[in-house]
Each structure stands twice: as C-alpha cells, then as structure tokens.
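Welcome! Let us walk through this structure together, one region at a time.

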Amino acid sequence: MKSRRAFTCILLAVGAGLRAGPAGSAAEPFEVTTAVSPAPPAHRQARAHGYRVSSFEIKSRWSGVIALPLREGDLWTPEKQSAALEAIRAAFNSETAFSHLLSQASTASVLYIDVEEEKDEAAHTVRLTFRPLQVRLSLAKMGDNLLPIPRSPSPTRYELVPKPLLALNPVFGVTHDRAFGTAATLGIQSDLLPLVSPPDNASHLEARLHGSKSVENFHRLNAAVAYAHRRLGETIQNLSASAGYDEAREPLASEAHTARSGRVDGSITLRLANRTRLTCDVGFALVNDGVTGSVANLSTRTQVVSNRLLVESQLPASVGGFFRAALWEESGRTDHGFGSHQRLVLRTGYAREFSLSPNQTVGVELVAGGGKLWGRVPESRRYFGGNSAAQFLYDDAAATTLRNLPPGPLIRSFGQNAALGAAGRAGGDGFWHVNANLALPIRALSFPLIPADDEVRGMLRNGINVSGRSFLITTLKGQGLSPTAARAEADRILGEIRPATDYIVNEANFYALKPLLMFDAAGLSGAAGKSTWSALGGGIQLTVVTAKFELGYMRTLTGPTGGRQGNLSMRLVFQNLF
C-alpha cells in the first residue's frame, strides 16, 4: 500500500538588492533568506510510524549521493523523518546553490520535499521515496514565469554540475526555414565576475555569444560583453553598458545580405509599478553591409544611432497573462550618396494560458506591429517581410534578436526576408502585421509539473504566502525598516511573484504536446505600391524539462506569392540544462 505525504517547505528569496534600508540610508543587498515552515503537526507525521525501513531512495536530477541519517532496518519515526528531511534540505541549500542563484539567475524558489511511503503490512516494513520538488520564479525575466517554457520540478545540487556547463549556461538547438535553411544554433551567457572574485549581488560582467550556421551557407554571429549593476526591488533596477560585434550572411529576396558591425550600448531598466518594467536603450554602431548578387553589388557603410523602449508587464489577475511592447528608432547616415535616414518600428505582444481544468490550458499568443522608413537608403536597410529568427515574446530583453530593429512584417508562410509583393526586390518603406497562435491541450499528452495533490500544492503556495512573508518581514526589520514598513515591503515583493507562483504550481506542465493553429496578416508598401497577405497554418508545440520543439506549416491564402505558397518552419531548443 502506498501513501504520499509532503513534510517540509522552504522558501529561498534570492535576488540582487531587493530593498534599500530606511529613507536616506545607503542601499544594502537583500540577504539570502531561508524560510522553513513550522514543523508539521502530529497528524501530518509519517503514516508508517513504527514500521522498519526496507529501502529508501532520493529521486532528483543532479542530486548525486546524499548521506542520510537513515539505514535499512531503522524504525521510521518522526525523529528519523525530521533528520532525513533536514539532510536533504541541507544538500540542496548549499552555499554553491546560493552563489549560483544569486549571481547568475536572480531567482526566487520554493523547495518542497515529498515522501512516498510504500508499506508491506505482512513484513511490517516501509519503502521510502524522497522527491524534492522546486518551483523557480525569475525576479528579472517576467516572461519566464508565465510563458510555456521548459521547466523541471527537481532542484539542483550545483556543486555536482560540470563546471563548464555551470559557467557557460549554454542553449543550443536546430532550426529550419525555407530561405535560411536548416541551421544549428548555439548560445552562451556567462557572468565572469564569480570566476575571479566572490559573487556580488549587484555587479555582473556578462559575456554573451550566439551563433547559427545553416547548410545553405548562411550564418549569424553575435558577441557582446556587458557590465551591469542590478538592484531588484529598487526604482532603478538595472544599469548596464556593453560593447559587441555582429556579423551575418542572410537571405534577402533572391540574393544574400552580408553585414558586419561594431557597437556600444547603454541601458537602464526602471520599475514603473508592481510587475511592470521599462527598459530604455541607446546605442551607436558602425555597419558595413551589402547585397551580393545585386546588379550594383554595392557595399556601404552606415553610422547608426539607435534607441529602444521596451515595456514588460505581468498583467493583473482580472486580465492575466504577459504583455510586452517595444519601440525601436534608428537614425543613420549612409555613404555613397545615400545620406541620412530614419527607421521606426513598433511591436506589441500578449500571451496567456487560459485554464480549462487543472494543467489543461489553451495558450493564446498575439503579436502586432508596424514600421516606417524616411529618407533614401540602400536595399539592405529597407523592409522585407517573411518568417523571423526572433521570438518577440520569448527572447531575453538583452538578446540581439530583441535589441535590433525588426527587418519587416512577420508573415510566416514565407522564408526569412522573402515576402516582396509590389515593393519588389528593393524592399518597402512601410509595413504592418498581425499574428496569432492558439495552442490546444490534450490531456493524455501532458503531465503536471507539480503533482496534482492538493496538500503538495497548498504547502508550496503556503511557502510563499505565509512562511515566506514572515521571514521577509523579519529580514527587512533587521535591515532597519519599521514593522509597518517591513510588512508593506514584504507584501509588495510577494505580490509581484504570487500570480506567477499560482500559475506554475497549478497550471505548468512537466511536459505537454499541443497542436497549434496559426494565422498571419501583413502588409508591405513601397514606391511601386502596396501588397497585403493573409496566411493560415498549423503545427505542434512540445515542451519537456530541458527542450522546446515547435513545428509548423503556413500557407499563403491571399496576396502575391512569387510562385511558392507555403513555408515549413521548425525550432528545437535545449535549455534549462540544470
């Protein structure tokens, strides 16, 4: 006979400078706190009390060997239970874990230890299975808390993760697009400061590298080094400066666009309100590019001053979901007699998982945008429509795909930069687009991230709402806040992450395979006239532990096609490796 009881809950509030001291005082980093819920009452103790332990195991990835004060033949008593749970808790709450979460991830997490008891009544023995469960919430990347991304319920003993994997935090995968071809991708992002000095809550020196190479002889490479100062919870949450190099050979109509650029950027992120952030960027770049295969085969140099405003928000419960909007502006001057020009693009996106029943959600994603160009520019700086390597709602705010101005309307029934219409090979000077995805649940093809056990889920929520609040108040009072101010600040901090906690605990899946319905509408205008398109398609979306896979086919319903009406696209990305 099996029974399952979960016995302890721990909240780790891990962030960089969540709160300054009293008014007028210097800002102090928010301490890493460990909040342990009160000892469970007697009726929640081991159901197999008095049975002898026949065997036991701990099931978790990256757990290694954890020495427990428990042996086969021991009586399973409340005292043995407490000692075993404390040993597991200590293994996953090491200084290495604190260091990684603090310096690399700015993450809050709830750890819950679930115990399954399998009793043999005849022998009066019990077999024990310990399953540590962890819910992670990002304090810096709000979209990661509400979007269907790969997640694991297992905590990690970071000291057991291979050092190169821990340091580089790689993301890799395979993509396919009709124009760009089948490509391998690799990205790394590493904070260099912990490699040379003790971790600092606020200071980060990040090295970023992302590249893709296709069998069609196209490629993209982006490299950057950025220094950032982060103070989560403050009005000014992030200040950063970066320098980078970008290189690409990518399809452009029936030709190929080549570009090399060096750039410098500055960025500031502000907390406008609970769950709402505004990022402002300004940059300067020297861009050398051209179009091979064109009649002129012209190479140009452009000096570009760029600006970007990016707003992100976890919307109130009455609306729900994740919202992102970005406005890009570029002012450039190109040689070879082209002169000055300006480009402007606005793009907005919304995503929400609508719950039909526990862990069965309908995923809705909407993206819309438009752009305009003023001045005389070379072909390579005009707008072209087609599929995109970027994912507007999912990409990190600092990623090159989201930092750079979009190349034109998103119309996924074409390959990248392949939708021309009346604008012709020379591209357009204005565009618009609307895109929608609908992901439908299939109960048999999904499994909840957190077991569908009211006690387990209740204790995880309790770790945030009760125990976490008490320990946050205690910590904030220790930093000099009055009891009233400490309670208010603790409620604000927890209020920001509580909606995400509810979603991950109640709705997120360990794995889920969902069919997709996809629709696009777009327009492109130029000197030769205007063209509009509509496209419809479908596909599948799979998220599981460390991977996300998307496969879709879109077919043009209306508008000029250039002889090819459909595009098959695929994206397989491995992340969340530890």
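The paragraphs below go from the whole protein to a few single residues.

This is a predicted model, in which local features need pLDDT of at least 70 and side-chain atom pairs count only at pLDDT 80 or more, while totals for chains, interfaces and linings use all residues. Residues are numbered from 1 along each chain as its sequence is written, and side-chain values use heavy atoms, with hydrogens and water left out.

Let us start with the whole. The protein has 8 helices and 22 strands; helices (H or I, at least four residues) and strands (E, at least two) are DSSP runs, numbered from the N terminus. Of its 578 residues, 55% are buried, where buried means under 20% relative accessible area, exposed over 50%, and partly exposed in between (1.4 Å probe, protein chains only). Among contacts (heavy atoms within 4.5 Å) with a separation of 6 or more, 67% join residues 24 or more positions apart.

Now turn to helix 8, residues 483-506. Its 24 residues reach 32 Å from the first C-alpha to the last, close to the 34 Å expected; the expected span is 1.5 Å times one less than the number of residues. Look for the kink of about 40° at Ile497, shortly before Pro499. That bend is the angle between axes fitted to the seven residues ending there and the seven starting there.

For a contrast in setting, visit two loops. Most residues other than glycine have a negative phi. Asn217, in the loop between strand 8 (203-214) and strand 9 (219-230), has a positive phi of about 70° although it is not a glycine. Asn359 also has a positive phi, near 65°, and is found in the loop between strand 15 (339-357) and strand 16 (360-375). Are these residues buried or exposed? Asn217 counts as partly exposed because its relative accessible area is 47%, whereas Asn359 is buried because its value is 4%.

With a relative accessible area of 15%, Thr400 is buried. Leaving aside neighbours within four places in sequence, Thr400 is in contact with Asn222, Asp246 and Arg263.
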